[in-house]
Amino acid sequence: MQDIDIADLKRISELIFQKYNYDFRNYAMSSFKRRVLRIMELKKLTVESLIKKLNDTPIFINEFLDELTVNVTEMFRDPSFWRIMREEIIPAIQLNHKQFKIWHAGCSSGEEVLSMCIMLKEMGILHDVTLIATDLDVNILEKAKSATYPVKNMELNEKNYIRFQGTASSLKDYYKEDSGYAVFDKNLFMNVSFRKHDLVLGDVFNKFDLVLCRNVMIYFNQNLQNEVLKKFHESLFKYGYLAIGSKESLIWCDYANRFIVVNNEEKIYKKIKD
Amino acid sequence: MSKFNLNNSYKAVVIGGSAGSFQGVVKILSQLPKGFPLPIIMCLHRLKHVRNGFVEALSIKSVVQVTEPYDKENIKKGGVYLAPANYHMSVELGNYFALSTEEMINNSRPAIDITLGTTAYVYRDKLIGILLSGANRDGALGMKHIHEKGGLTIVQEPTECMIDTMPKAALAVTKIDHVMKVDQIVEFLKELDKQYR
Ligand SMILES: C[S@@+](CC[C@H](N)C(=O)[O-])C[C@H]1O[C@@H](n2cnc3c(N)ncnc32)[C@H](O)[C@@H]1O
């Protein structure tokens, strides 16, 4: 395994910023370093040859971003979170807005969005909800749109679903198997639009009742978390909800006092101040 | 001069363990001197999808409450930290934790190599690494990193381990400064504590 020092990591993030307008300069160093090393290993590149390739081969950038970002996800991740969504958060939103909007920020290959749609369908309100699912990584968005996953991933997804206690006896009710893949019913995505959006450089583009951004900001340093939280604050209606990953915290962010904790265990917050 | 030839320059202790390490960890934590001056950073293999229970089980007998840090939480002297379920746990320059959901390593998340490797990078020769019983090679590379940065390496005596694959793998890839039974590790930590009084 090769090593890479911070100066070279900075050269790489600076180059990507200047040349391609993606800003990884405030990503957490430890994981950014592992991702770059992983790409070097996968592509058999040295630091210098990687920099050269990024400079000379513009089409390489999408593949590079796809490998650089961490796309690992699962359906119904943290089943207790989804139970709280179903039993408390969604009903609370519906008290005010029968029709409402959800933003999945950093949706990766779509498992979280699909979980949401299945849950909303089981609640009988899928047609009342508009969902926007965004990610920086265009390759992963294509996977998300296809709603198709290797069957070997379904064991874990199914286990989570059972712990979520959905109304179907199995996720099998929602997909068909085709040559080693679980192909989900596309109707589940009838109200979802998938879009490329960069949380770091992108603008606020809409207002939502609920924003999910789970296990995305862990890849950012504290300064960047702070900046992105401001964008979420702006993207939420007053009394809208923000859900982050179960091991993330807002307490050190400037805007934390504009939110209250609704559920500490599941890390669900509510915007209470503009 | 202490029998382990210790001094008070160390800044952190990192512990890795897998199958068969639970009892050892409990013993270490229950006999830790009160006010132990260094953070203890632990990465133990655990059920991926059980979020609760483990930290509580470890805390019952521990002198210090064990916590699973939040992402970007600062590392405090004397804190005892455990990598949370289904997250890799790194240490960053500036002495705080960073969590990640990257692919499993050696079939594990949290992976011991990640915690050991990043603590070695941050604490260099001011680190003590301890690897306990386990049925997997995870941690061996991390111990190598600790040694290469000048840190002190300790593995549990393989004959005492329920499963000795992990300490043996470390012994095979790098220089291990001490091979110790858990009781000796406890003695060692007590000696270390005295250096700071
Ligand atoms: C680990 S996945 C999280 C998936 C899902 N939310 C979950 O919790 O399982 C992180 C995703 O964040 C995306 N991401 C990273 N940086 C981003 C940015 N600046 N803007 C938008 N998405 C980003 C990555 O491409 C990746 O798909």
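## A bridge between two chains

Let's start with one pair of residues: the side chains of Arg35(A) and Glu103(B) form a salt bridge, 2.8 Å from N to O. (A salt bridge here is a side-chain nitrogen of Lys or Arg within 4 Å of a carboxyl oxygen of Asp or Glu.) This pair crosses between chains, linking helix H2 of chain A to the loop between S6 and H3 of chain B. Helices (H or I, at least four residues) and strands (E, at least two) are DSSP runs, numbered from the N terminus.

The model is predicted: local features need pLDDT of at least 70, side-chain atom pairs count only at pLDDT 80 or more, and totals for chains, interfaces and linings use all residues. Residues are numbered from 1 along each chain as its sequence is written, chains are lettered from A and ligands numbered from 1 in the order in which they are written, and side-chain values use heavy atoms, leaving out hydrogens and water.

## Where the chains meet

Chain A gives 35 residues to the contact and chain B gives 26, where contact means heavy atoms within 4.5 Å. About 2500 Å² is buried between the two chains, with 44% of that area from carbon and sulfur atoms. (Buried area is the accessible area, with a 1.4 Å probe, that two parts lose on being put together, summed over both.) In chain B, the residues that lose the most area to chain A are Arg51(B), Tyr70(B) and Lys72(B), together 27% of what that side buries.

## Helices packed in chain A

Now look inside chain A. Helix H1 (residues 6-20) and helix H2 (residues 29-42) of chain A pack at an angle of about 80°, their axes 11 Å apart. (Axes are lines fitted to C-alpha atoms, for helices over the stretch in contact, and angles run from 0 to 180 degrees between N-to-C directions.) H1(A) and H2(A) are therefore roughly perpendicular, a label for angles of 65 to 115 degrees. Among the residues that meet are Ile6(A) and Leu9(A) in H1(A), with Met29(A) and Phe32(A) in H2(A).

A second pair, helix H4 (residues 60-68) and helix H7 (residues 138-146) of chain A, packs at about 70° with axes 7 Å apart. H4(A) and H7(A) are therefore roughly perpendicular to each other.

Notes: Angles under 35 degrees count as roughly parallel, over 145 as roughly antiparallel, 65 to 115 as roughly perpendicular and the rest as oblique.
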